[in-house]
Amino acid sequence: MGTINILFSGVGGQGIILASKILTQCAFVSGYMVKESELHGMAQRGGSVTSHVRFGEEAYSPLIQKGKADFLIALEELEGLRYADYLKPDGYVILNQKRVMPSALNTALTPYPEDVKSQLEATGFHVDAVNAFEIANNLGNPKLDNIIIMGMLSRYLPFTIATWEMVIKESVPAKTIELNLSAFKVGRELIKGKA
Amino acid sequence: MVSVYFQIFLQSPLEDSEDYKNDHNLFLKGPVSQTFPSKLGIMINRIIKNGLKGYPQVNENQMNKEIILSGDDAIGRGAIEAGISLATSYPGTPATEILTYIARNFSGDAEWSVNEKIAFETAIGASYAGKRAICSMKHVGLNVASDPLMTIAYLGIKGGLVLAVADDPGAYSSQNEQDSRFYAKFAKIPCLEPSDSQEAKDMTIMAFDLSEKTGLPVMLRTVTRISHAYSPVEIGEVREQNPLVLKKDPANMIAVPSNVLRCHRNLNEKQEGLRQWGEDSGLNKTLKNGQKKGIIACGIGYVYAREYGPEYAILKISYYPFADKLIEEFVKGLEEVWVLEEGEPFVEEIARRYSSRVKGKISGEIIAIGELGPDVITQSIPEMGKSRKRDKPSKPLPPRPPSMCPGCPHSKLYDALKLVAPAFTAGDIGCYTLGVNPPYQIVDTCLCMGAGISKAAGIAKQGVKRVAAVIGDSTFLHSGIPALINAVYNKANILVLILDNSAIAMTGNQPTPLTGINAKGEEGGKISLEGLCKSCGVNSVEVTDPYDVEKTEAILREKLDAEGVNVVISRRPCVFVTRRLAKMRRKSITHIRPEKKAQ
């Protein structure tokens, strides 16, 4: 197996760092070399946030090269489109169909993009689109959307469900473990039969 | 709505500093639920009462096993394993988490100092007591600490002293991209530069040994992608701390003219030994097997070289200073030599003396600004860029610049300040620097920590009226106080706005001396901002709640036109401070690896 490159993108506060840490720990306890890279500070205040995760038998660079990502996990539509050039030609996108309007949006000059899913598909990417926010809301907490997405991603990755569940349990506040585990299962069901 | 503690401050008489001190004590010592409007007081008391103990990231089960750590965590872990007795720092991205890690995982002293100079000097004190100490800071913090650095290199240290400096190539969260290796060269001290978390830990430990062997402080240089990149690190045993030995040694502890030249000679005489140590350590190594092309890879450049240039010979540089012959021998016979280094062409300059085929930032093949990453490398080096990046979607996308959080007290203050419209507003370093962006665009200049007040005074001295300076509470304590005194002494006419949000918010809501809680979550001394300003001799000190825009506007309007130096403290805690303080107590994810998968 070569190196798997997974890029997370979204807006500060969406749980990108937690999601990428869960993935990193899963890869780690499963025995792979893993590197994760993220930004803190000024770069993240309400701005666009990414986290790079690379794992495999070897992984040297903590950053993914453009055009080499196997997966793009977009927790927000605009941020999905913004980092689509990181994906390899036949890459996978898990797209959370959620829009967070930039604070100073100039709609005349640069309107919020329409049809993000079809734009990505037109480029040749495989897109799994989901309104995780709505599903999370129905589960009782809209903040679970990142874990639903991780459930979807889990279908494509070589880690056991036990590993995912162990890592999730230790990564989320104790009171929300059950909720997070059920969100993970719901996400996993969304991709059933596809992979 | 006007909060309870806001009322306390407005009703407090501003007469003498003792009064302010008493009032300020109310801030934390009274029944918290009454004097503090938010959950902040409850959280601070909970932390002080229960401490951070019980939430270590490393325990006995993890000994000799791997866990995932960031580069910053790994440096912190390395310092603990090396047997430090003290860690000091001032928060600054990307170095902040070194001290955060140590504070949570080390039973001894770890402190947020008021600025980097003080942090380094405090660490020197611990070294003088024979103990090992680490001082960490971001690259521009070293500008502040450069004064003690230049001379302690002359005098030499006692217990091991490591200076961990995190550079920010690409300036993701900084005012410049300066390369700290120049400081190591400038001060004539050794510098180690890791390429991942494991090396960060190992080199921290080596740096302490080297420090004690040579009697010099040793720099450990990282960059954002080391400090904030996570990879497996093997946890090792913790060395015993050095015994307390505080011996007077005037010849090597007193930097007066009669000692300087001898100390300078000592420092010069150590240089050959430093190069030799580097050679013996094997930190700089050549991986060459008949290749025609090569890469000189410094620090993180090494992982990029391994990733993108497997068919190139590699000279891995992790240690400075090195003897030139290392480079001379490597470049011999190579048709092409690339230099991958973050920051300035520090090594490239040396390499160019020994080969005309060196390619990098001086020769122009690699862009000389910004961060060196996979994309810069693969676009600069044709053979490494076999898979070109895909084109971006044709339509330009709306940008999403960082912005102030919803409910941010700074944004409310800026609403009021915009109404008052100063002729010029000199800003400073912190979340409130975001006031340069729309919709505020009220901050007209930003240079370095503490510069706002002095620049405002300089402008006002040219006859400009209605000049304001905006500075955060922690930045004010860091380096604003001398500027305030200077403005008073030299009779400037400026309005100084201190934005007191009870935290160092930008770097993750570290506590400040105003909140009365220290880096380890223990009760610390408390400083009264009002008393401090008043004792600097300013004309007036007013406190306002920025959420009360009308009242704030009235105060600003009055004080902007007033003569002399007038201070307005805009006080309301950061909306995230309670949550972030709660995080100090949160357990972190630390799985150990059962066993590495067969390769």
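This is a predicted model: local features need pLDDT of at least 70, side-chain atom pairs count only at pLDDT 80 or more; totals for chains, interfaces and linings use all residues.

User: Where does P94(B) lie?

Analyst: P94(B) is in the loop between β2 (84–89) and α6 of chain B; helices (H or I, at least four residues) and strands (E, at least two) are DSSP runs, numbered from the N terminus. The peptide bond that leads from T93(B) to P94(B) is cis, with omega near 5°. A cis peptide bond also joins Y320(B) and P321(B), where omega is about 0°. P321(B) belongs to the loop between β12 (319–320) and α15 (324–331) of chain B.

User: Which helix does α5(B) pack against, and at what angle?

Analyst: Axes are lines fitted to C-alpha atoms, for helices over the stretch in contact, and angles run from 0 to 180 degrees between N-to-C directions. Helix α5 (residues 71–81) of chain B packs with helix α6 (residues 96–105) of chain B at an angle of about 50°, and their axes are 7 Å apart. α5(B) is therefore oblique to α6(B); angles under 35 degrees count as roughly parallel, over 145 as roughly antiparallel, 65 to 115 as roughly perpendicular and the rest as oblique. The crossing of α5(B) past α6(B) is right-handed, a crossing being left-handed if the near helix is turned anticlockwise from the far one by less than a right angle, and right-handed if clockwise.

User: Which residues of α5(B) and α6(B) meet?

Analyst: Two residues are in contact if their C-beta atoms, placed from the backbone, lie within 7 Å. On the α5(B) side, the residues include D72(B), I75(B), R77(B) and I80(B); on the α6(B) side, they include E97(B), Y101(B) and N105(B). The residues of this contact of α5(B) with α6(B) divide into six nonpolar, two polar and four charged. Ala, Val, Leu, Ile, Met, Phe, Trp, Tyr, Cys and Pro count as nonpolar, Asp, Glu, Lys and Arg as charged, and the others, Gly among them, as polar.

User: How do the axes of α10(B) and α13(B) cross?

Analyst: The axes of helix α10 (residues 197–214) of chain B and helix α13 (residues 257–281) of chain B come within 11 Å and cross at roughly 145°. Their crossing is right-handed. M206(B), L210(B) and T214(B) of α10(B) make the contact with K270(B), G273(B), L274(B), W277(B) and S281(B) of α13(B).

User: What is the order of the strands in the open sheet of chain B?

Analyst: Two strands pair if DSSP finds at least two bridges between them. The open sheet of five strands has the order β9-β11-β10-β13-β14 (chain B), and its pairing is mixed. Its edge strands, β9 (285–287) and β14 (358–359) of chain B, each pair on one side only. β9(B) and strand β11 (residues 313–317) of chain B run antiparallel and are joined by three bridges, with L287(B) having I314(B) in β11(B) as its bridge partner. Helix α14 (residues 301–308) of chain B packs on the sheet, touching β10 (293–298), β11 and β13 (336–340) of chain B.

User: Is I226(B) buried or exposed, and why?

Analyst: A residue is buried if 20 or more other C-beta atoms lie within 10 Å of its own, exposed if 12 or fewer, and partly exposed in between; C-beta atoms are placed from the backbone. I226(B) counts as buried because it has 31 C-beta neighbours inside 10 Å. This residue lies in helix α11 (residues 224–227) of chain B. Not counting residues up to four places away in sequence, I226(B) touches G71(B), P194(B), D196(B), A200(B) and I300(B).

User: What is phi of R466(B)?

Analyst: R466(B), a residue other than glycine, has a positive phi near 60°. R466(B) is in the loop between α19 (451–460) and β16 (467–472) of chain B, and is partly exposed, with 17 other C-beta atoms within 10 Å. S502(B) also is not a glycine, and has a positive phi of about 60°. S502(B) is buried, with 27 other C-beta atoms within 10 Å.

Terms used: Residues are numbered from 1 along each chain as its sequence is written. Chains are lettered from A and ligands numbered from 1 in the order in which they are written.
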